[in-house]
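Could you walk me through this two-chain model?

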Amino acid sequence: MSAAMSSGRPSGRFPAILLSFVFAVIVLGPVAWALATSFKTEVEAVAVPPTLWPSTATLENYLKVFRDQSFLRDFWNSVAYSVGAVALALLVGIPAGYAAARFSFKGKRALMLTILATSMVPGVALLVPTFYLLDSIGLLNSGIVVTIILSARIIPQTVWFIANFVEAVPVEIEDSAFMDGANRFQIIWNLILPLIRPGIAAVATIGIVTTWNDYITVAVFAPDVAKRTLQVALVNQVFDAVGISWSYMMAFVVIASMPVILMFGLVQKWFISGLTAGAVKG
Amino acid sequence: MANVELKAVRKTYGTAPVIHGVTVDIRDGEFVTLVGPSGCGKSTLLRMIAGLEDISGGEIQIGGRTVNSVPPKERDIAMVFQNYALYPHMTVAENMGFSLKLKKAPREQREAGVGRAAEILSLTKLLDRYPRELSGGQRQRVAMGRAIVRNPQVFLFDEPLSNLDAKLRVQMRTEIKELHQRLKTTTVYVTHDQVEAMTMADKIVVMHDGIVEQVGAPLELYNHPANMFVAGFIGSPAMNFLKGRCERGRFLLEDGSALALPASLEHLSSDAVYGVRPEHLVRSDDGLPLTVAVVEPTGAETQVIARHGSQSIVCIFRDSVLPQPGETIRVRPDVSRVHVFSERDGRRLS
C-alpha cells in the first residue's frame, strides 16, 4: 500500500489539522503563558507590552515558593485529602460497583440511578447546611471530615465506573474460579481487581484531579490555615497580598499542577486496552 | 471417580420452568453427552451439576452424596467452559495451578501437578505464555489442563469445541476422547452437535424443552429412536419424514403412492409418519419417483435433495453415477430400517 493511500489525502485532512491546532492553542496557551511567566522576573512579568519568553530566565520564583514555610504543609494537606478521598471512594466503590454488576436484586436500577442523581446535586447548594451541621457538632477544621466530604463527591462516579468495568469481565471467568475453589473475596482480589486495573486507574485519576483541584470544600469546612490545601493557599495569595506577584503565583500554579500531571504520566500505561484479550473467545 | 445421579431434577426461573424433572443415571467412568437444540436446558442442567445454578427441585448425587446445597468447590468436579474462561492476566502455568494455589498446596506440589497435566496435553512448552499468545485449540487445552490438575471425580464440559474451526474441532474431539480413555474420569459433556455426541459418548441423553426425550448408547438412539424428535435430531443429514396413512399393510402417501411397511406394522391402520434416513434409501426401478433438485457430491458419497410432490426428500448414494438436477430418479426405502411414528404424539410405533 502506498504512503498516499495509507495516510489519506493531505489536502482533505487540512481542516481537521487546523481545528486541532486551534484547540491546542486554546487549551495549551494559558499553560504555556503560566509556565513562561513563572520563569520571569516580576518586572518583566508585568511589563507592557508583555514578552512571550523570559528575557532572562530565573528560578527565583520557584525557590521562593519552596522557601515558604507553609508550602510543605499545604502540599501535604492536598496530598492527604486527595489520596485519602480517592482511597475511601475506591474502598466503597469497588465492592458497590461489583455488587451492582454481578448481583440482581429488587430496586437495583432505582438505587443506581439515585446514586447517580446525588452526583448531580451542585456542591454549592449543600455548602451552607453542611457548614452549619459541622459547626454545630464541632467537626469544622477536621482533615478526616474534609476527606470524607471530598470522597462523597466522587463515590457515585466511582461506583458507576467500576460497575461498568466489572460487567465487561466475562462472568465465565468467575464461574471458572468458583469451580477452582475460590470464594467471592478471592475472586475479587485475584481476578477482578487485576482485570479492571485500567478502570481503577482511570477512576482514581479522575478522582485525584477532582479532589486536588477542589477549593470550596476545603476553604469552607477547614478555614484554619493549618488545614488548608495548595489551592486555598493560592487563592489566599491573591486576596491577602498587598501587591500580587504574578511570576511568583505562576510558579506556585505550576508546582501545584505538577502532581496531577505526574500522576497522568504514571498511570498512563494502565489505560492500555486489551488486558482481557485471550480470556474468552471474542 | 464417581457416579452421578440426577433424580427428578427441576429448575425454574421465577415462574418459568426450564428443566422438568430430569432423571439420569451416569455410571462411574462413563462418558455421557447431553445433547439437544439451543434452549433445551442442557447447559443449565450441567451448571446445576456443577453447583453454579440452584436446584429448584429433585436431587443430585455425586459419588453417592447429595450435593444439592454443596458449593461448587466442595463437589470435587472440574468444568471446561465453551469460551475457555482462562484468567487473562495469568500465564498458562498460573492458570493451571490456580486451584492448587487456592488450596494453599506447597509450590513443589503445584509444579508437579501442573507439569503432569501439561505433559498429558502437550502444553509443557507453553507454560510461560499468556492466554492471548495462544491459538484457540491451545487455549482449550489449557482449560482442560486446568481441570485435570484438580484430579476431580467428575469432568464437566460445556460445549468446549463450539468456538473452534471444523478441522480443529475434529482433532480436539479425538483428544478429549483419548483423554477420557486414559484418565477414565466420569465425564458429562454438553453439545448441540449430534455428530460430536455420537462419536464421543458411551451414553447420550437427548434433551428437548427441558425434558429428557431418550437416554441410550449412540447406535441405540440411531437405530431405535423413541420418537420423531430423537429420530430427527440424531443422524446427519436428518431423517426424512413423510406424512400419510398405514392401510392394508402399506403406507399410503397423500398423493396415493405406496411404500412398504415393516412386517410388525402390517396390521396397523391409522394416520402416521413414515421415517426413513437418507442413507437407507436405495435406487430401484419400481421405487418412489423423485425429481432431483440439488446434487451435492462429497467424494465418498453424494447427497441428493429431491422432491416428491411438495415433499422434500434427502437421499445419500454411494455409487459414482450422479443424477442431474431435473432428472427423475426412483428410490425405495430399506424396509428393515424404516420407522413409523404416531401422527398424534410422534412416538415410534415400529
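What follows goes from the contact between the chains to the domains and then to the strands.

A few ground rules come first. This is a predicted model, where local features need pLDDT of at least 70, side-chain atom pairs count only at pLDDT 80 or more, and totals for chains, interfaces and linings use all residues. Residues are numbered from 1 along each chain as its sequence is written, chains are lettered from A and ligands numbered from 1 in the order in which they are written, and side-chain values use heavy atoms, with hydrogens and water left out.

Start where the chains touch. Chain A puts 23 residues into the contact and chain B puts in 26 residues, contact meaning heavy atoms within 4.5 Å. Interface size is often quoted as the accessible area lost when the parts come together. Here chain A and chain B bury about 2200 Å² between them, with carbon and sulfur atoms giving 61%; buried area is the accessible area (1.4 Å probe) that two parts lose on being put together, summed over both.

How many salt bridges link chain A and chain B? The count is one, a salt bridge being a side-chain nitrogen of Lys or Arg within 4 Å of a carboxyl oxygen of Asp or Glu. To find it, look for R47(B) and D175(A), whose side chains meet at 2.9 Å, N to O. There are also seven residue pairs in polar contact between chain A and chain B, both residues at pLDDT 80 or more. A polar contact is a pair of N or O atoms within 3.5 Å; within protein, one must be able to donate a hydrogen and the other to accept it, and residues adjacent in sequence count only if both atoms are side-chain atoms.

On the side of chain A that touches chain B, the elements giving two or more residues are α9 (171–180) and α10 (184–195) of chain A. Helices (H or I, at least four residues) and strands (E, at least two) are DSSP runs, numbered from the N terminus. α9(A) gives the most to that side, with eight residues. By class, the side of chain A that touches chain B has twelve nonpolar, seven polar and four charged residues. In this scheme Ala, Val, Leu, Ile, Met, Phe, Trp, Tyr, Cys and Pro are nonpolar, Asp, Glu, Lys and Arg are charged, and the others, Gly among them, are polar.

Now stay inside chain A, which is divided into domain 1 (3–38) and domain 2 (60–271); domain bounds come from an automatic or database domain assignment. The C-alpha centres of these two domains of chain A lie 31 Å apart. Four residues from domain 1 of chain A and seven residues from domain 2 of chain A make the contact. Together the two domains of chain A bury about 420 Å², with 71% from carbon and sulfur atoms. In domain 1 of chain A, the residues losing the most area to domain 2 are A34(A), T37(A) and S38(A), together 86% of what that side buries.

Chain B is split as well, into domain 1 (4–233) and domain 2 (240–342). Their centres, taken over C-alpha atoms, are separated by 38 Å. Each domain of chain B gives eight residues to the contact. The area buried between domain 1 and domain 2 of chain B is about 720 Å², 59% of it on carbon and sulfur atoms. On the domain 1 side, Y222(B), M228(B) and A231(B) lose the most area, together 72% of what that side buries. Salt bridges across this interface of chain B number zero, while four residue pairs are in polar contact.

Finally, the strands of chain B. Two strands pair if DSSP finds at least two bridges between them. β2-β1-β4-β5 (chain B) is the order of a four-stranded open sheet with antiparallel pairing. β2 (16–26) and β5 (65–66) of chain B stand at the edges with a single partner strand each, so one side of each has no neighbour in the sheet. Strands β1 (residues 4–13) and β4 (residues 57–62) of chain B pair over five bridges, with R10(B) opposite G57(B) in β4(B).

Further along, β11 (residues 240–247) and β12 (residues 250–253) of chain B pair in the antiparallel sense over four bridges. In their hairpin, with two residues between the strands, R248(B) takes a positive phi near 50°.
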